[in-house]
Amino acid sequence: MTNRTGGCFCGAIRYELTAEPVFQVACHCRACQYASGGAPTLAMIVPRAALKVTKGTPRTYWAEADSGNKVGRSFCEACGSPVFSEPSASDIAVIKVGSLDDPSDFKVQADIWMKAAQPWHVAHEGAFQVEGNPG
Ligand SMILES: [Zn+2]
Ligand SMILES: [Zn+2]
């Protein structure tokens with residue numbers, strides 16, 4: 001397997017993924033709408049240990065989720081690109097697919113946080129929908 005690689009728009013942050021994604025989602029939560037500019041955030045979920053930052057240090061904003069758990073949202077301080085997030089309550093990293101060098105094989109398996117979706121958000125064909133976090 002060739003490791004997936006990615007980084008931010010300006011190249012200051014680079015990372016490598018040493019495992020294949022365990023799940024692929026479109027997250028419609030309100031926080032993700034801020035990160036994306038309005039649309040749901042598209043992300044590959046990998047075991048946290050599989051994410052290795054190889055260049056730079058992303059800035060992380062720790063937001064509190066409805067559950068009270070913290071979510072660290074990491075982005076490039078220079079260009080502002082969101083690169084990944086890490087929910088404190090689980091052992092995963094959520095990789096923003098736009099930051100992958102090659103996002104072309106991404107496929108949404110689930111639309112999550114549909115209860116926060118805007119009326120003009122569209123669910124993905126063939127994906128299942130959940131109101132909040134995938135159980
Ligand atoms: Zn950057
Ligand atoms: Zn979200």
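I started with Gly 7, which stands opposite Arg 14 in E2. Strands here are DSSP runs (E, at least two residues), helices are H or I runs of at least four, and both are numbered from the N terminus.

Before going on, I noted that this is a predicted model, where local features need pLDDT of at least 70, side-chain atom pairs count only at pLDDT 80 or more, and totals for chains, interfaces and linings use all residues. Residues are numbered from 1 along each chain as its sequence is written, while chains are lettered from A and ligands numbered from 1 in the order in which they are written.

Next I looked at the sheet. E1 and E2 run antiparallel and are joined by four bridges; strands pair if DSSP finds at least two bridges between them. I found three strands in an open sheet, ordered E1-E2-E5, with antiparallel pairing. E1 (4-7) and E5 (51-55) are the edge strands, each pairing on one side only.

Then I checked E3. With E4 it pairs antiparallel over five bridges, and Gln 24 has Met 44 as its bridge partner in E4. E3 also runs parallel to E10 (residues 110-112), joined by three bridges; there, Val 25 is partnered by Ala 110.

Last, I looked up the core. The largest nonpolar core has 26 residues, and Cys 27, Ala 43, Val 46 and Ile 95 have the most contacts inside it. Such a core is a set of buried Ala, Val, Leu, Ile, Met, Phe, Trp, Tyr and Cys residues joined through C-beta atoms within 7 Å. Buried means 20 or more other C-beta atoms within 10 Å of the residue's own, with C-beta atoms placed from the backbone.

Terms used:
Buried ≥ 20, exposed ≤ 12 C-beta atoms within 10 Å, placed from the backbone.
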